[in-house]
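Please open the model in your viewer and keep the selection panel at hand. The stops below say what to select next and what is there.

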Amino acid sequence: MSSISDAAIVETFRYLENGGCVIQRPNLKYELFLPYILKYYTLDEVSFLKANYTQVELIKNILTTINRDDLIRDVERQISQNQTLLDVISETNFTGFVRPRNISKSEDVIRALPLLNNCDDLIRCLVANNPQMFHKITDIILQVHKYFPFKYKERIKNMLYTMVNLATHHAFNMRLKLIDLKILPEVVLRFTIICSDIVLCLEGILSRNPKWITSQQIPQSLINELKTVLFGTLRNCVNNVQQPLSHHRARLCILMRIICGFVHFFKVNFDPSDLEVCLTVIDHAGSDRLKKLCLCFLLLCSEMLIKTNRLLLVSSFARIVNPRNTQLFLIFAYFFRANQLDQISKMCVSTLAMDVEISGYGLVELRIATKDTLFSEVTLAKSALEIEPDTFDGLGLAKDPSDIAFNVVYVMLKGGVFHKGKTDLRPWIIRQITQATTPIHSQLGPLIKTYTSCIFDYGIAYSAYPTPMTKIPELYIFTFFRERIDKISPAHVLLFYYVLQFNTFARERKSIGGQASLQKTIYSSNLPYASDLMESIPVRRILIEAEKCDNGLAYRNIYPELLGLVASNYPEIFDIENLLIEEDRLSKSSRQNQSVVKNFVQLIISNLTENPEVSISALKTLESMEPEDLLIHCNQLILDLLPRIIHQGNPRIIQSVYQIWLSLYSMSPHEASLLFINATRGQEDQGIRFTELQLMMDPLLVIRCDPQVFRCPSIFKIFIKVLKFFMKGSRSRLSRLQQDENEYLKDRVTPEKMDKLILVQEISLMKMLLEVCETKLKDNSDGLEEIRNITFSFLHELFIENTMLCKELHSEGYSFELIPLTTRKIESMHMCIIFAPELIKDETSPKRQLFGLFLGSQLCEVWPMEQTYKLAKDHIIEIIKEISFKTNEKILSEEAKKVLPILVLIFNVFPNLRSEIVRILRALEEKFKPHKGHAITFGMKRGSEIFIAQLLEQVREKPTSSSKVKKRKKSENFKGRSITFEK
């Protein structure tokens, strides 16, 4: 400041400003204030001033003769004569300034004062003689500050210093105004020293966008002066511990935050004693807040300390960041290992609530210095097991602190910390799975997957470090899922997700094969989870929960992968009709009390025989309930009810049970399917209870049902759905069984053999289904027609899914009675056109060849097109010709009698082939024509002749005269036989 304030002058100013009477305090120092005093007092009233101040008479004379207007005009004239001042006023472009000719107010004069060289003297005079206008004068000067060029702002600073020298008690208010305007930081800091409240002031400045404090260069002497006060205050606080300790720590927090800001904004260099007192605060850092502030101070000084005292930096850092302070320790390990040094700056910004920057060089060197000592893998791994994401605060680095917690573990897991630290992560993973809540954290799924992968990284990722990871015990998982599940929890979903991931990795590692015996060792000690466990999991319920919970948001981070894993492990549960039922289920009623459901079930069973109407009404009520309510009673609803209603035959009861079963199937297909099979056992299996694994391994067991199942359309629909379920499941289970290489199949079944086994199983099942469709003696025509339609629809799905099934089935053959039906009612039968020639030309099996001829003829009739035309011309007609002429006897063979009517069907479908057909028939006619003088009217030869004659008439050809004999008598036989094959 320009001059040192005089306490006596300040006291006088304060007295006059407050309206004090001069007469009452004659001993005050009034020299600067004489014009102001003489303006209000006569010389007689203040006669004591004459004795003290010789200039009193002169000042009084001037005051009596001066004219205010003349004075203003004189100032105006001086300004007008100074072109430089006029230019400056013009340059400021300040609307408050007016041209000199218009200056008429004292405010305008005050605004113009910075333009005058003697502005300091003038402002002193102005303030001293207008003490009660101090605040107004201050406001006017600050108002015009921003409009002056830089070189004039120095004058404004000096003017403010001059004013405060007169009235130091106004330094506080003037400083507040400067802080609000964010101007003149040097003046603010100097006034802070005057006010003796450096801590309080800097705390306020640093809390409100403090960058402006460095907008102008601050003299080093002023910085040093502030530093001396700050560190003196800190030293005093450290040495004199206040009670309670919470207040002591709170004061230390304030001081450390101010010092951190001071270090950052003013680039302070420390004396050893200053640095020592700051580091001493670490010993007082009993709160997390104070530890973080001490850490921020170290990091801000890291570059300086690395160059001057590296050991001191590392040791001080270790005093704060150590395993005892788990969160801080792990977060810094995470930042250093993930090379996210920018996050450390972000942490400091969050802690200090100010925009600071940490030296990148200092952080890199600190990371290198602590890598193998402070942050050893053994220590890190043990500390990581203590992380609890729910209580992790994350140092304010993320909106969700658990993000940091999961990321810390994930980075360490991927970086081999647990491998090198020989620490198993399994307990921590189990804890996170069992304690998980919705929505599932986005990092939990990748963590589980990475942990599972690491179980198999035995010396692969880190050759010198065998994996310490172990699988979750099978018994633990089995017990977890065996307990009654009223509602699917996040733990169920995540544990199921883990099991699927583990089995996938286990099979992938095995399929790599050919690697060192080490791989074999890994696989043998980490076999996929057993089939019994996999079948005990309520897959469909878990998948529905993952899909629907919180409108799909709860598990959205793992659902796509979970869906893919389920599709590859449980393909049987993906059923279009099932999905539609599930969608429709959402509009049903709310959950029911279990006692109510139980009463309805008992009502149904007790009244089934004697009062079926009561049972029907109760069943209708159950239809509208949620499947979750029915699942608990599914044993009674299926095992007890189904065997009784199949033979009772009440269509309304059967239809209600059908709807209830579909509802149960939509929620738990595995359980509903198994219960149906065990409820409908045939006579030979009475008392047997199949397991799901047995049915999956041998789906032929499914078809060993009560025969009545195959003549009750609604129950048969359930049967087809169950058969489809176990067929799909069998394919994946058998393939996995071969892949898992258990002792039963080891080295004996190749993938090719397994595929063949599955194909043979499914062909056998399809042939059995077609046998069901054959006409029986007591069949109801309408019921049989519906059974056939259901079967043919199912076969169509199978043929579309696997064309090889269609080919193999027709190579095996089935009842000739069904050929006209299958070709017309199975939409995909057109694919038989491709392989029908193979069947027709197969001379090694007459039965297969005959089946091929009838199949080919029906294909021609159903699909008359170019492909079937070629089939008829090049294959069917030629083979029929060979069969008809291959005997040397003078009679038609039984085989020829079966295939020749096909020519009539071909003629009706493809008239263009008439000439070929007629040529064959004429040749046969000629072959059986009697010679002259040897007419034969009876016998087998005569029958062959009549048979050919009838065929000629069917193709609109006249037989010879001898062939017409007894035509009418034989025609009925032929027509009946031809109808059997054609329609």
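Is Asn 607 buried or exposed? Asn 607 is buried, with a relative accessible area of 17%, where buried means under 20%, exposed over 50% and partly exposed in between, computed with a 1.4 Å probe on protein chains only. This is a predicted model, in which local features need pLDDT of at least 70 and side-chain atom pairs count only at pLDDT 80 or more, while totals for chains, interfaces and linings use all residues. Residues are numbered from 1 along each chain as its sequence is written, and side-chain values use heavy atoms, with hydrogens and water left out.

Leaving aside residues up to four places away in sequence, Asn 607 touches Pro 612, Val 614 and Ser 615, contact meaning heavy atoms within 4.5 Å.

Now zoom out to the whole chain. The secondary structure comes to 55 helices and zero strands, and 51% of the 983 residues count as buried. Of the contacts with a separation of 6 or more, 72% are between residues 24 or more positions apart.

Next, select residues 185–195 and 220–239, which are helices H12 and H14; their axes come within 11 Å and cross at roughly 40°. The axes are lines fitted to C-alpha atoms over the stretch in contact, and angles run from 0 to 180 degrees between N-to-C directions. H12 and H14 are therefore oblique to each other, the class left over when angles under 35 degrees count as roughly parallel, over 145 as roughly antiparallel and 65 to 115 as roughly perpendicular. The contact is made by Glu 186, Leu 189, Arg 190 and Ile 193 of H12 with Leu 222, Glu 225 and Leu 226 of H14.

Move on to residues 866–885 (helix H50) and 914–927 (helix H53), which pack at an angle of about 5° with their axes 11 Å apart. H50 and H53 are therefore roughly parallel to each other. Show the side chains of Ile 877, Lys 881, Ser 884 and Phe 885 in H50, which meet Ile 917, Ile 920, Ala 923, Leu 924 and Lys 927 in H53.

Finally, select Cys 773 and then Cys 860. Cys 773 is buried at a relative accessible area of 0%, and Cys 860 is likewise buried at 0%. The structure holds zero disulfides, a disulfide being a pair of cysteine sulfur atoms within 2.5 Å.

Methods:
Helix = DSSP H or I, 4+ residues; strand = E, 2+ residues; numbered from the N terminus.
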